Amino acid sequence: MSAKRPNILFIMSDDHGYQAMSCYGSRINETPNLDRIAIEGIRLNNCFCTNSICAPSRAVILSGAYSHVNGVKTLKDSFDGRQMTFPKLLQASGYQTAMIGKWHLGHGGDNDPTGFDYWNILPGQGIYRDPEFIEMGLKRTIPGYVTTVTTDLSLQWLQDRDNSRPFLLMCHYKAPHGPWQPDEKHAELYEDVDIPEPITFYDDYSNRASAAAAAKMRIDRDLPQRIPKYAAPQELSPAEAKKWQYQHFIKDYLRCVASIDENVGRMLDYLKEEGLEEDTMVIYTSDQGFYLGDHGWYDKRFMYEESLRMPFLMRYPKEIPAGVDSDAFVMNVDFAPTFLDYAGIPIPEPMQGDSIREVVRGHVPQDWQTSVYYRYWMHLDPVHGVYSHYGVRTDKYKLIYYYGEALGASGTTDISTPKEWELFDLIKDPHELNNVYALDEYSSVVEALKTELERLRLKVGDMD
């Protein structure tokens, strides 16, 4: 292992589904600069989030702890910066640290970024054009497109840094989060082509728990209510309208992704030009997955594969072989311990994840995790209407429990929905269309998975 501590360039986008990355076999777009990271490093095929929603995932990544431990279970929760985070520990050990771009964990008091020598963040979700930033507590509007501006600020910080110390730069893009406004350069991209529809685009939500049909995330019915530009012309039939809406949504989404790809290329080019390639670990990920018409949906939240799975690319030539991939299970709770491991810092007790350093070197430990625990807390939020649920995923199966309630501020139940189970055989049914929970032939599988689910809940301390 290398003795010199690596620089860490941690690039994260918002809502970038792995289906829209050519290094993951995309059918709908090309991402040549993101592919550079995969070609020169590793692609993780089974990287999962613990809670598929923006703020909770970011809190998990910072703290290395699950939502019920770090306190950010929903979008209404802000992150308490007094708790332990990996940037704090890197900073204390001599790293220069910077956070630039989307924060989305609250502002003011104990909610502003901590552990950073420099921070310049978008308020809330941020906007695409002429965005306002909060620089070390002071607000200012910066002309331009948000992805390019975030990159400009990141490159400027790199140029001004102290060259004698290692750095952590967290460059976090707003895109491709809604409302999907492309930059001028990519505004006409895909104009003359039809983007292929996902295999599950016409899912009718039959043979599933009631949660799937109840969700308010459908591209044809719900998206135009949130973003009027996706309302189809009235003369179209319902079938024609759904196709029209998908094409307009997905093209805008992919145009935003194209800008990310181009700006990641700028970052990679800078490292090369400055002779920093060998000494810098580059990570590209998203805060969770996203439905790109899969199951007829947009957004995330469910434990179904497209939102549970995160893209994760990592390049560090001193340790990671080029052009490899791994099927080992990795979670966003593992990111913080990994960064600390590379920096030679002991992983503190509050962190619940494990370093993936040996995994990405091609030496998966014998006792490495073979199942993952997930929990979504925002029961029946008014916009998306997804039921709260938790579950376990293994290499062959996924068991989900919709426990049918949310806890109010007083600890009492707010709204109840049916308590239901779903079991998917991921080998026979990779698109998760057939709930086999009630079939006799899967009774032993159900029993084993419930035992594993309770083991994981006990392990992470989420037993309420």
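Tutor: Start with helix 10, whose buried residues are Phe 335, Ala 336, Pro 337, Thr 338, Phe 339, Leu 340 and Tyr 342. Buried means under 20% relative accessible area, exposed means over 50%, and partly exposed lies in between, with a 1.4 Å probe and protein chains only. Helices (H or I, at least four residues) and strands (E, at least two) are DSSP runs, numbered from the N terminus. The model is predicted, so local features need pLDDT of at least 70 and side-chain atom pairs count only at pLDDT 80 or more, while totals for chains, interfaces and linings use all residues. Residues are numbered from 1 along each chain as its sequence is written, and side-chain values use heavy atoms, with hydrogens and water left out.

Student: How many of the residues of helix 10 are buried?

Tutor: In general, an α-helix has 3.6 residues a turn, so residues three or four places apart point the same way. Here helix 10 spans residues 335-342 and is mostly covered, with 7 of its 8 residues buried.

Student: Which residues other than glycine have a positive phi?

Tutor: Most residues other than glycine have a negative phi, and most peptide bonds are trans. Asp 15 is one exception, with a phi of about 70 degrees. Asp 15 sits in the loop between strand 1 (7-13) and helix 1 (32-39), and is buried at a relative accessible area of 1%. His 295 also has a positive phi, near 60 degrees. The loop that holds His 295 runs between strand 9 (280-286) and helix 9 (305-308), and the relative accessible area of His 295 is 0%, so this residue is buried.

Student: Where are cis peptide bonds found?

Tutor: One joins Ala 175 and Pro 176, with omega about -5 degrees. Another joins Gly 178 and Pro 179, with omega about 15 degrees. Pro 176 is in the loop between strand 8 (167-172) and helix 6 (210-214), and Pro 179 is in the loop between strand 8 and helix 6 as well.

Student: How many disulfides does a search of the whole structure find?

Tutor: A disulfide is a covalent bond between the sulfur atoms of two cysteines. In practice, a pair of cysteine sulfur atoms within 2.5 Å is counted. The search of the whole structure finds 0. For Cys 23, the nearest cysteine sulfur is that of Cys 47, 13 Å away. Cys 23 is buried, with a relative accessible area of 12%.

Student: What is the order of the strands in the open sheet?

Tutor: Two strands pair if DSSP finds at least two bridges between them. This open sheet has 4 strands in the order 14-15-16-17, with antiparallel pairing. Strand 14 (372-376) and strand 17 (420-425) are at the edges with a single partner strand each, so one side of each has no neighbour in the sheet. Strand 14 pairs with strand 15 (residues 389-393) over 5 bridges, in the antiparallel sense. Within strand 15, Val 392 stands opposite Tyr 373.
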